[in-house]
Amino acid sequence: WPHAPLPAPAPPALLDAQPAALPDPASIPPRGWLLGTRLVRRHVSLLAAPGGVGKSAFALATACSLATGRDLLDERVHHAVPAWVMNLEDPADEMDRRLAGLMRCHGISRDALHGRLFLHHGRNRRLVMAAAGSAGVTFPDQAAVLAAVQASGIGLVVVDPFIKSHELDENSNAHMDAAATAWAAIADAGACAVLLVHHTRKGAPGAGHEAGIEAARGAKSLSDAARSATLLAPMTEQEAEALGVPVAERARHIRLDDAKANLAPRAAAARWFRLDPWPLGNGNADYPDGDTVAVCVPWSPKSVWAAHTP
């Protein structure tokens with residue numbers, strides 16, 4: 001990464017009361033929505049879920065939707081933009097497997113993603129956006145990330161998981177506000193959307209709509225800083241019974257709820273997705289069956305009329 005320093009802050013201007021501009025409403029530019037009402041330029045969004053639900057698969061599909069301009073998650077792509085997935089937990093080969101499975105599932109060609117999708121693996125190079133020091137909170141990698149975003153014209157940065165991008169106290173409101181502000185500065189200066197992938201706290205209710213944004217782990221200032229927040233949750237036993245999903249298939253179904261929507265109304269109903277297994281066809285003498293990865297695809301419950309003849 002090029003390490004271009006952030007410009008020195010300008011001295012504070014005199015603080016005085018400015019009269020409202022009162023522009024013609026027609027002259028005000030619309031918000032820079034990129035994907036549905038989840039991702040918008042110059043703002044941070046939050047995706048929270050329990051461990052093992054499929055948030056990384058969902059986040060990767062989100063990035064590929066914007067990189068290709070295709071609504072892979074049944075969500076309107078307002079503008080196709082290059083996307084940068086910063087996976088800070090998994091090795092490069094695991095990310096290659098997930099991406100290969102997603103491409104196979106949706107019929108995405110290499111050409112469609114070449115120069116449009118960027119990957120960073122935390123095991124190759126750690127990322128420290130914010131750290132606590134004797135002089136207070138510092139931002140070691142902020143300038144480098146911004147330079148890379150601007151150099152490649154990145155429109156979406158996915159940070160998965162958020163906790164691996166900083167070295168601050170997750171339960172400190174002041175620290176989480178600083179970490180979120182560091183990413184908000186990237187969104188603003190880079191004119192891009194930032195999606196922070198986060199965990200829910202242990203013991204949070206299974207369905208996102210029951211807990212709301214309070215299900216997100218750690219200090220509340222993180223969710224306060226996000227302009228939109230969504231929760232992924234596994235299908236409950238009651239939901240599976242009501243929707244006619246077999247017990248053995250329940251774990252493959254996940255629910256997405258709008259937990260916070262500062263810039264747009266909440267969705268009237270939850271959206272459902274399924275984790276479909278996709279073989280990679282990479283078997284060899286030692287592992288004849290090769291690998292299979294889970295790919296997140298939209299899913300809709302069967303209509304009550306499906307089981308009836310005219």
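Predicted model: local features only at pLDDT ≥ 70, side-chain atom pairs only at ≥ 80, totals over all residues.

Guide: Residues are numbered from 1 along each chain as its sequence is written, and side-chain values use heavy atoms, with hydrogens and water left out.

Visitor: Is Arg 42 buried, partly exposed or exposed?

Guide: Arg 42 lies in the loop between strand 2 (39-40) and strand 3 (44-49), and has a positive phi of about 70° although it is not a glycine. Buried means under 20% relative accessible area, exposed over 50%, and partly exposed in between (1.4 Å probe, protein chains only). Because its relative accessibility is 44%, Arg 42 counts as partly exposed.

Visitor: What is the relative accessible area of Ala 191?

Guide: Ala 191 sits in the loop between helix 5 (173-190) and strand 10 (193-199). Its phi is near 50°, a positive value in a residue other than glycine. Ala 191 is partly exposed, and its relative accessible area is 21%.

Visitor: How many residues of strand 3 are buried?

Guide: Val 44, Leu 46 and Ala 48 point one way from strand 3, and Ser 45, Leu 47 and Ala 49 point the other way. Both sets are buried. The number of buried residues in strand 3 is 6 of 6.

Visitor: Which residue of strand 11 stands opposite Ala 48?

Guide: Two strands pair if DSSP finds at least two bridges between them. Strand 3 runs parallel to strand 10 over 6 bridges, with Leu 47 opposite Val 197. Strand 3 is also joined in the parallel sense to strand 11 (residues 228-234) by 4 bridges. There, the residue opposite Ala 48 is Leu 231.

Visitor: How many residues does the hairpin between strand 6 and strand 7 pass through?

Guide: Strand 6 (residues 130-133) pairs in the parallel sense with strand 9 over 2 bridges, where Ala 131 has Glu 167 as its bridge partner. With strand 7 (residues 136-138), strand 6 runs antiparallel over 3 bridges, and Gly 133 stands opposite Gly 136. The hairpin joins strand 6 to strand 7 through 2 residues.
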